[in-house]
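Please look over the sequence and the 3D model below.

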Amino acid sequence: MSNSRIALVTGGTGGIGTAICKKLAAMGHRVATNYRNAEKAKAWQAQLKSQGVEVAIVPGDVASPESAASMIKAVEAELGQVDILVNNAGITRDGTFHKMSPDQWMEVINTNLNSCYNVTRAVIEGMRDRKWGRILQISSINGQKGQYGQANYAASKAGMHGFTISLAQENAKFGITVNTISPGYVATDMVMAVPEEVRAKIAAQIPVGRLGSPDEIAYAVGFFIPEEAAWITGANLSINGGHYMGW
Ligand code: NDP
């Protein structure tokens, strides 16, 4: 088999997702992502094309099992069967738990954690049949250390790692590695929307002294893909400028 694989990055149009799509394309893989807003996604696709990066885009809401299954079928029709899956789509709906609505809880769990079931379930059997696969979850530092106002988000992100280490055990004999990446605060729109003085306070807690860049997360995604990474499975890689040094 050639080293060019088919990769699906969920939430590829976002800050970190865009960098991951570009990284995997630069490594010679054929890359797809999902969209919910066709107009926005087409503009994004055209912008990448102008930079020499081809990414296939298909409709898909990862929070819905039906939509995720049809998203995978669309990727298969356009590029072929998925070898590399990056579960990256994610949202926040922050609020202290004692005031958190059922919707705030469910939206975050459905988008960040149930999506891992919805999307991975639709590709895992094919990977097992072909005896090769790479599955990565983009979790978060806040799934490791918790965060005031983010009980929903932290629970969803910690859950991703439990998912990773179970899937890694079930699929190790099938040439499939399953790993988690836990980024710290990365300068995407999501974080840049936070007031500057709050960002300065966050940066002051980071030993490296600054926020991360999407490219620094994408670099780590690239690290897990080659044949040389076949013995890395069930791992959690923290990338956070030293902000949190636990598991
Ligand atoms: P963005 O908000 O920039 O991008 C999120 C992406 O996910 C968008 O493409 C969005 O699409 C997509 N998405 C959201 N909900 C769904 C859904 N239901 N179905 C399909 N796609 C969906 O976020 P980031 O790039 O900053 O974050 C990417 C990942 O990294 C997330 O999982 C986040 O939790 C995690 N992370 C981010 C950190 C940071 O500091 N930025 C730190 C740690 C982890 P649409 O445009 O349609 O909304």
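The text below covers the strands and then the ligand surroundings.

This is a predicted model: local features need pLDDT of at least 70, side-chain atom pairs count only at pLDDT 80 or more, and totals for chains, interfaces and linings use all residues. Residue numbers start from 1 along each chain as its sequence is written.

**Strands**

Helices (H or I, at least four residues) and strands (E, at least two) are DSSP runs, numbered from the N terminus. Two strands pair if DSSP finds at least two bridges between them.

| Pair | Sense | Bridges | Opposite residues |
|---|---|---|---|
| β1 (residues 6-9) and β2 | parallel | four | I6 and R30 |
| β2 and β3 (residues 55-59) | parallel | five | N34 and V58 |

From β2 to β3 the chain passes through helix α2 (residues 38-50), in a right-handed β-α-β crossover. The β-α-β crossover from β1 through α1 to β2 is right-handed too.

How much of strand β2 is covered? Five of the six residues in β2 (residues 30-35) are buried. Buried requires 20 or more other C-beta atoms within 10 Å of a residue's own, with C-beta atoms placed from the backbone.

**Ligand shell**

The shell around the ligand has 28 residues; G11, G14, I16, G90 and T188 come nearest. A residue is near if its C-beta atom, placed from the backbone, lies within 6 Å of the molecule. By class, the shell holds 11 nonpolar, 14 polar and three charged residues. Nonpolar covers Ala, Val, Leu, Ile, Met, Phe, Trp, Tyr, Cys and Pro; charged covers Asp, Glu, Lys and Arg; the others, Gly among them, are polar.

Terms used:
A residue is buried if 20 or more other C-beta atoms lie within 10 Å of its own, exposed if 12 or fewer, and partly exposed in between; C-beta atoms are placed from the backbone. A crossover is right-handed if, with the strands pointing away from the viewer, the path from the first strand over the helix to the second runs clockwise.
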